[in-house]
Amino acid sequence: MRKVIVNSTPLIALSHIGRLDLLKMLYGEISIPQAVYKEISAKTGSVCQKVVDNSLEWIKVERIQNEMAKTMYKTQLHEGEVEVMILAKETEADLVIIDDMNAKKHAKYLELPVTGTLGVLIKAKQKGYIKELKPVLRELVDKHIYISESLIELCLKQVGESVDTR
């Protein structure tokens with residue numbers, strides 16, 4: 001089984017559109033570091049916290065071993081992003097799912113395979129887990145997840161869907 005580490009933003013985005021199940025379908029099991037769980041639990045009773053708490057049989061909350069390593073990244077990244085990368089290195093993860101561009105750059109620098117929420121959705125469409133990508137992207141936007149129109153167009157072209165607006 002592939003080792004997949006996920007940051008909070010993809011969890012939040014997918015939870016808000018009721019599609020966190022795509023992570024289970026694509027990867028079987030995922031891991032999140034404790035800092036990510038803490039972030040999604042900061043607002044008690046949030047949609048994301050409820051969905052994740054109901055999915056703990058396939059979402060594993062893990063503790064990083066090297067707490068000292070966090071000090072190297074603190075000024076540039078959020079604690080969850082830092083722990084995602086540390087956990088990924090410690091467990092030799094096969095994939096990191098993270099949306100923040102700066103965090104993605106750090107992950108690539110650390111030679112971690114990285115994708116984001118949109119990469120997950122594209123893969124889900126390619127595997128047949130979602131019928132059409134466009135309504136899913138529009139739902140994310142409607143739920144206040146920012147995606148530029150040019151990025152939406154790029155994603156739709158990648159999966160062979162029409163790019164016309166709405």
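**From one serine outward**

Ser15 lies in helix H1. The model is a predicted one. Ser15 is buried, as its relative accessible area is 5%, and the cut-off for buried is under 20%. Where does the side chain of Ser15 reach? It comes to 2.7 Å from the backbone oxygen of Leu11. Which residues does Ser15 touch beyond those up to four places away in sequence? They are Leu20, Val47, Cys48 and Val51.

One of these partners is a cysteine, Cys48. Cys48 is buried too, with a relative accessibility of 3%. Cys155 is also buried, at 5%. How many disulfides are there? The count is zero, where a disulfide requires two cysteine sulfur atoms within 2.5 Å.

**The helix pair**

Now take the helix that holds Ser15, H1. H1 spans residues 8-16 and packs with helix H7, residues 117-126. Two packed helices are described by the angle between their axes and the distance between the axes. For H1 and H7 the angle is about 50°, and the axes are 9 Å apart. The two helices are therefore oblique to each other.

Which residues make the contact? H1 brings Pro10, Ala13 and Leu14. H7 brings Thr117, Val120 and Leu121. Five of the contact residues are nonpolar, one is polar and none is charged.

**The partner helix**

How many residues of H7 are buried? Seven of the ten are, so H7 is largely enclosed by the rest of the structure. The buried residues are Thr117, Leu118, Val120, Leu121, Ile122, Ala124 and Lys125. What do the buried residues of H7 pack against? Among the helices are H1, H2 (21-27), H8 (134-142) and H9 (149-158). Strands E4 (95-97) and E5 (114-115) also pack against them. After H7 comes Gly128, with a positive phi near 85°.

**Loops around these elements**

Two further residues have a positive phi although neither is a glycine. Glu111 has a phi of about 60°. Glu111 lies in the loop between helix H6 (101-109) and E5, and E5 is one of the strands that the buried residues of H7 pack against. Buried or exposed? Glu111 counts as exposed, at 70% relative accessibility. His144 has a phi of about 70°. The loop that holds His144 runs between H8 and H9, and both of these helices pack against buried residues of H7. His144 is exposed, at 74% relative accessibility.

Glu92 sits in the loop between H5 and E4. At 67% relative accessibility, Glu92 is exposed. Leu77 is 15 residues from Glu92 in sequence, and their C-alpha atoms are 21 Å apart.

**Inside the helix before that loop**

Ile86 belongs to helix H5, residues 79-90. At 6% relative accessibility, Ile86 is buried. Beyond its neighbours within four places in sequence, Ile86 contacts Ile64, Asn66, Ala69 and Lys70. Glu67 lies 19 residues from Ile86 along the chain, with 8.8 Å between their C-alpha atoms.

Technical notes: Residues are numbered from 1 along each chain as its sequence is written. This is a predicted model: local features need pLDDT of at least 70, side-chain atom pairs count only at pLDDT 80 or more; totals for chains, interfaces and linings use all residues. Side-chain values use heavy atoms; hydrogens and water are left out. Axes are lines fitted to C-alpha atoms, for helices over the stretch in contact, and angles run from 0 to 180 degrees between N-to-C directions. Helices (H or I, at least four residues) and strands (E, at least two) are DSSP runs, numbered from the N terminus. Angles under 35 degrees count as roughly parallel, over 145 as roughly antiparallel, 65 to 115 as roughly perpendicular and the rest as oblique. Contact means heavy atoms within 4.5 Å. Ala, Val, Leu, Ile, Met, Phe, Trp, Tyr, Cys and Pro count as nonpolar, Asp, Glu, Lys and Arg as charged, and the others, Gly among them, as polar. Buried means under 20% relative accessible area, exposed over 50%, partly exposed in between (1.4 Å probe, protein chains only). A polar contact is a pair of N or O atoms within 3.5 Å; within protein, one must be able to donate a hydrogen and the other to accept it, and residues adjacent in sequence count only if both atoms are side-chain atoms.
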